[in-house]
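The exercises below ask you to read helix packing and charged pairs from a model. Work through each task with the structure open before turning to its solution.

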Amino acid sequence: MRRAFKRLLLPALQDLGFHGRGSTFQRALPQSLDLLSIQYWKYGGEFLLECARRERGPLHTSWGEVVPEEKLDVAYVDPRQRARLEQRGPTAGPGFQGFCFAGFGEDVARYEGLAAQVVALLPEVDAWLAHGRAGTHLRPYFNAS
């Protein structure tokens, strides 16, 4: 799955202005910072994208730590301000309704097909970040089941 992301999803995220490494990405705008992470189900075979927007600048935690802006990720944002891009319907994963790739084995075309599906859904991520609009595959984290 990671190879398919590297080939298809990461360039699409860069085209949208996101930068990052691994599974954590940021897009800096004049007044806000968009955060996105790819989260894999701890038992494997499934993933989702989680996103949030926050104000620019470092985060001052309640316990006194200051987290520089460049080290921020979605986990630092209040869950009520996050959203998840998930799979819908019968192909959703059994773990957390993520995009399921369990059983793909060595079938590169299936991994790339799933990555292409996620790329096609990135406008839902943009709509959430810009306007707080949920989509068919994107819903607020707080309401996620």
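**Exercise 1.** Find the partner with which Glu-112 forms a salt bridge, and describe the setting of the pair.

*Solution.* Glu-112 pairs with Arg-7, their closest N and O atoms lying 2.8 Å apart, where a salt bridge is a side-chain nitrogen of Lys or Arg within 4 Å of a carboxyl oxygen of Asp or Glu. The model is a predicted one, in which local features need pLDDT of at least 70 and side-chain atom pairs count only at pLDDT 80 or more, whereas totals for chains, interfaces and linings use all residues. Residues are numbered from 1 along each chain as its sequence is written, and side-chain values use heavy atoms, with hydrogens and water left out.

Helices (H or I, at least four residues) and strands (E, at least two) are DSSP runs, numbered from the N terminus.

Finally, take accessibility, for which buried means under 20% relative accessible area, exposed over 50% and partly exposed in between (1.4 Å probe, protein chains only). Glu-112, at 21%, counts as partly exposed, while Arg-7, at 52%, counts as exposed.

**Exercise 2.** Determine how the axes of H1 and H2 cross, and which residues of H1 meet those of H2.

*Solution.* The axes, which are lines fitted to C-alpha atoms over the stretch in contact, with angles from 0 to 180 degrees between N-to-C directions, come within 9 Å and cross at roughly 10°. H1 is therefore roughly parallel to H2, a label given to angles under 35 degrees.

For the contact itself (heavy atoms within 4.5 Å), Ala-4, Phe-5, Arg-7, Leu-8, Leu-9 and Ala-12 of H1 meet Tyr-111, Glu-112, Ala-115, Ala-116, Val-118 and Val-119 of H2. Sorted by class, this contact has 10 nonpolar, no polar and 2 charged residues, with Ala, Val, Leu, Ile, Met, Phe, Trp, Tyr, Cys and Pro counted as nonpolar, Asp, Glu, Lys and Arg as charged, and the others, Gly among them, as polar.

**Exercise 3.** Is Asp-34, which meets Arg-53 in a salt bridge, buried or exposed?

*Solution.* The side chains of Arg-53 and Asp-34 meet at 2.6 Å, N to O. Since Arg-53 lies in strand E4 (residues 46-55) and Asp-34 in strand E3 (residues 32-40), the pair ties together parts that are 19 residues apart in sequence. Asp-34 is buried, with a relative accessible area of 0%, whereas Arg-53, at 28%, is partly exposed.

Terms used
Parallel < 35°, antiparallel > 145°, perpendicular 65-115°, else oblique.
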